[in-house]
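This briefing is meant for someone opening the structure for the first time. Please keep the sequence and the 3D view at hand while reading.

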Amino acid sequence: LLVAPRPPDGHVLAGADGRFYPAAELQGPRRCRAAEGDCLAAVTTRDGDERWSAADRNDLATREVVEVEFGPVEGRVGLVLTARQTLLSTHLFYQSLAYFGSRAGDYLAALERGGPAMAARATGMARILGGLEAEVSEGEGVWRPIGAFDEAGPIASDVQVLPFESTGDGPLRVRLQQARGHWRLDHVALARLGEPVRSRPVEATIVERDRGPDPRARGLLGSDPGHLITLPGDVYHLVFDLPAPASELELFLESEGYYYEWMREDWLAEEDPEMAALVLADPAEALRRMAGPFKRHEPGLERAFWASRFRR
C-alpha cells in the first residue's frame, strides 16, 4: 500500500503526474455534451454508468470530443477523471499476436531483447490511440492543455486528477479529446487542490493462503527478489498494519507483475506476415485496416469478455 495523510474535510487524489494531492470542495459539472448530445447524467456520479462511444468503422484512430462545463473557479484546482479503457486495445493486442501466429514467440523474444526502441515500435498503435487529452478555457478564452488521463486495462476504473491554475474569468470549460470507442468515462469533477503530500509505502505484515499464513508469499510480495506465481483458483489475503487510523489516511494499491500468454490453435489460422509487419512499421495504417474487422466483433466483445473464464 501507499498511504498518504488525508485532510480532515477532503480526500487525497493520485495525480496523472505521479504525485498525490489533498483535495476538497468537489464540484460537479453543469453541462456535458458529445456527438450523441447531452451526456451529463453519465458523468455526474461515480456509479458505473459510463459515457462511451463506438469506434469508427474506417479508422480506429478517429478522434472525438467531449465538452464539459463547470461554474467559475479560481486558483489551484484539478480536473478529476474516473475512467477505464474499452476492449479496443485488448482486441488489438490479441489480434496482433494472431497476425504473428507461429512467429509470435520469436516476436515477443525480440521485443524483450530490443530495449526501448523495439518497445516503441511495438506500442505504436497504443500511442496513436492515446489517452483522454484535456484542455481548459475560462469563459471565451483560449484553450490550453493541462495533461492527459491514461491507464491501461478494461477491468477496473481508475481515478486521476490533472492539476492546473484557473483564473476564474467566467465558466470553466473542459474539452476531452480521445479516440472513438477507446474510453469509458464514468465521472468528471473539479476539486480544489492543496500542495502535494508525500506517500509512504507499507508492506503487508501477513499474507494468508488457504486460511493460513504463507511467509514465502509475504516475502515475494514484499522486498524479497522474485515474483509470486499464482494459478487459476488461487486466493491470497493480505493484511496491512496502518501507521495511523484508516479514517486519517488515503490508501492506494501499488503493484507490478506480468502474466503468461500462450498462442491458441485457432489464432494460427489468422497468421498474416504482411499485417504483422504493418503493426510495427506503420501503426496508423494498421489501425485503418483493422477497423473493419474490429467493427464486426465490437457489438459482442463486452458480453464475451465478461462471460469468459476470467470472469468465472
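A salt bridge is here a side-chain nitrogen of Lys or Arg lying within 4 Å of a carboxyl oxygen of Asp or Glu. By that criterion, a search of the whole structure, which is a predicted model, finds 21 salt bridges. The points below begin with several of these charged pairs and then turn to a pair of helices and a methionine.

**Salt bridges**

- Arginine 19 and aspartate 17 meet through their side chains in a salt bridge, with an N to O distance of 3.6 Å; arginine 19 counts as partly exposed because its relative accessibility is 43%, and aspartate 17 counts as partly exposed at 40%.
- Arginine 63 forms a salt bridge with glutamate 133, and the closest N and O atoms of the pair are 3.4 Å apart. Since arginine 63 belongs to strand S6 (residues 63-70) and glutamate 133 to strand S8 (residues 132-138), the pair ties together parts that are 70 residues apart in sequence.

**Helices H2 and H6**

- Two packed helices are described by the angle between their axes and the distance between the axes.
- For helix H2 (residues 88-100) and helix H6 (residues 273-281), the axes come within 7 Å and cross at roughly 130°, and the two helices are therefore oblique to each other.
- The crossing of H2 and H6 is left-handed. On the H2 side the contact involves Ser96, Tyr99 and Phe100, which meet Pro273, Met275, Ala276, Val279 and Leu280 of H6; the residues of this contact divide into 7 nonpolar, 1 polar and no charged.
- Within H6, the residues Met275, Ala276, Leu278, Val279 and Leu280 are buried, and the buried residues of this helix pack against H2, helix H3 (104-122), helix H4 (124-129) and H7.

**Methionine 290**

- Methionine 290 sits in the loop between helix H7 (283-289) and helix H8 (291-306), and this residue counts as buried because its relative accessibility is 3%, where buried means under 20%.
- Leaving aside residues up to four places away in sequence, methionine 290 touches Leu60, Leu92, Gln95, Tyr99, Met125 and Met275. Among them, Tyr99 of H2 and Met275 of H6 also take part in the contact between those two helices.
- Although methionine 290 and leucine 92 are 198 residues apart along the chain, their C-alpha atoms are separated by 8.2 Å.

Key:
Residues are numbered from 1 along each chain as its sequence is written. This is a predicted model: local features need pLDDT of at least 70, side-chain atom pairs count only at pLDDT 80 or more; totals for chains, interfaces and linings use all residues. Side-chain values use heavy atoms; hydrogens and water are left out. Axes are lines fitted to C-alpha atoms, for helices over the stretch in contact, and angles run from 0 to 180 degrees between N-to-C directions. Helices (H or I, at least four residues) and strands (E, at least two) are DSSP runs, numbered from the N terminus. Angles under 35 degrees count as roughly parallel, over 145 as roughly antiparallel, 65 to 115 as roughly perpendicular and the rest as oblique. A crossing is left-handed if the near helix is turned anticlockwise from the far one by less than a right angle, and right-handed if clockwise. Contact means heavy atoms within 4.5 Å. Ala, Val, Leu, Ile, Met, Phe, Trp, Tyr, Cys and Pro count as nonpolar, Asp, Glu, Lys and Arg as charged, and the others, Gly among them, as polar. Buried means under 20% relative accessible area, exposed over 50%, partly exposed in between (1.4 Å probe, protein chains only).
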